[in-house]
Amino acid sequence: MSNGKAHSELTIWLLAVRDQRDRAAFAALFDHLAPRLKGFVIRSGASSALAEEIVQDVMLTIWRKAAQFDPHKAQASAWIYQITRNRHIDIVRKEHRPVPDELGADPGLEPDASQMLGLEQEAERLKLAIQKLQPDQKEMIEKAYIGELTHQEISSQTGLRLGTVKSRIRLGLERLRKELKGLR
């Protein structure tokens with residue numbers, strides 16, 4: 001970058017896709033982004049199924065349009081989230097649904113690059129904190145929050161008693177809170 005800062009991992013992957021059509025970098029980009037983008041779209045009012053569809057479209061767009069990415073003009077995360085936001089708006093308009101307030105907001109009110117970098121850093125700290133959890137707690141947290149399963153669904157899927165599932169999630173969340181204390 002022109003300011004001398006090293007590129008983020010996300011930017012490095014995106015540049016590898018842009019410059020070498022690197023499939024391994026794209027896979028890493030997909031693994032990193034898909035759950036984040038899905039959560040972003042769901043928080044903007046989409047159903048889980050619609051969010052999945054949007055994320056698939058966005059990832060294809062990133063592969064096809066990577067040549068348009070310029071790290072001197074925008075951070076990788078800002079560029080990708082703008083594509084995601086625009087795709088969600090396109091689908092909502094195509095289906096003649098009212099545009100949710102979160103999507104219809106003036107793009108000038110979108111988070112700036114420093115806010116996006118802050119979110120990336122928070123996400124990285126959360127990822128590291130989750131990795132430090134005990135395996136049984138980590139599994140329950142991932143199923144509940146990333147897999148969006150209810151406690152009952154986790155119990156049915158794992159064969160564990162409902163109380164055990166709830167305890168592991170509670171203990172995992174307590175440990176995450178301690179680990180992430182002072183993040184904000």
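Modeller: A helix here is a DSSP run of H or I with at least four residues, numbered from the N terminus. By that count histidine 32 lies in helix α2. The model is predicted.

Biologist: Is histidine 32 buried or exposed, and what makes it so?

Modeller: Its relative accessible area is 14%. Buried means under 20%, so histidine 32 is buried.

Biologist: Which residues is histidine 32 in contact with, leaving aside its neighbours within four places in sequence?

Modeller: Those residues are Leu10 and Trp13. Contact requires heavy atoms within 4.5 Å.

Biologist: How many aromatic pairs does the structure hold?

Modeller: There are three aromatic pairs. One of them joins phenylalanine 26 and tryptophan 63.

Biologist: Why is the pair of phenylalanine 26 and tryptophan 63 called edge-to-face?

Modeller: The ring centres are 5.2 Å apart, and the limit for a pair is 6.5 Å. The planes stand at 70 degrees; over 60 counts as edge-to-face, so that is the name the pair receives.

Biologist: Why is the pair of phenylalanine 69 and tryptophan 79 called tilted?

Modeller: The centres of these rings are 5.4 Å apart and the planes are at 55 degrees. Phenylalanine 69 is in the loop between α3 and α4 (76-94), while tryptophan 79 is in helix α4, 10 residues apart. Both phenylalanine 69 and tryptophan 79 are buried.

Biologist: What makes glutamine 82 count as partly exposed?

Modeller: Glutamine 82 is placed in helix α4 and has 27% relative accessibility. Buried is under 20% and exposed over 50%; 27% falls in between, so glutamine 82 is partly exposed.

Biologist: How do the axes of helix α8 and helix α9 cross?

Modeller: The axes of α8 (residues 151-158) and α9 (residues 162-179) come within 9 Å and cross at roughly 115 degrees. The crossing is right-handed. On the α8 side the contact includes His151 and Ile154, and on the α9 side Leu162 and Lys166. The residues of this contact divide into four nonpolar, four polar and one charged.

How values were computed
Residues are numbered from 1 along each chain as its sequence is written. This is a predicted model: local features need pLDDT of at least 70, side-chain atom pairs count only at pLDDT 80 or more; totals for chains, interfaces and linings use all residues. Side-chain values use heavy atoms; hydrogens and water are left out. Rings of Phe, Tyr and Trp (its six-membered ring) pair if their centres lie within 6.5 Å; planes under 30 degrees apart count as stacked, over 60 as edge-to-face and the rest as tilted. Helices (H or I, at least four residues) and strands (E, at least two) are DSSP runs, numbered from the N terminus. Buried means under 20% relative accessible area, exposed over 50%, partly exposed in between (1.4 Å probe, protein chains only). Axes are lines fitted to C-alpha atoms, for helices over the stretch in contact, and angles run from 0 to 180 degrees between N-to-C directions. A crossing is left-handed if the near helix is turned anticlockwise from the far one by less than a right angle, and right-handed if clockwise. Ala, Val, Leu, Ile, Met, Phe, Trp, Tyr, Cys and Pro count as nonpolar, Asp, Glu, Lys and Arg as charged, and the others, Gly among them, as polar.
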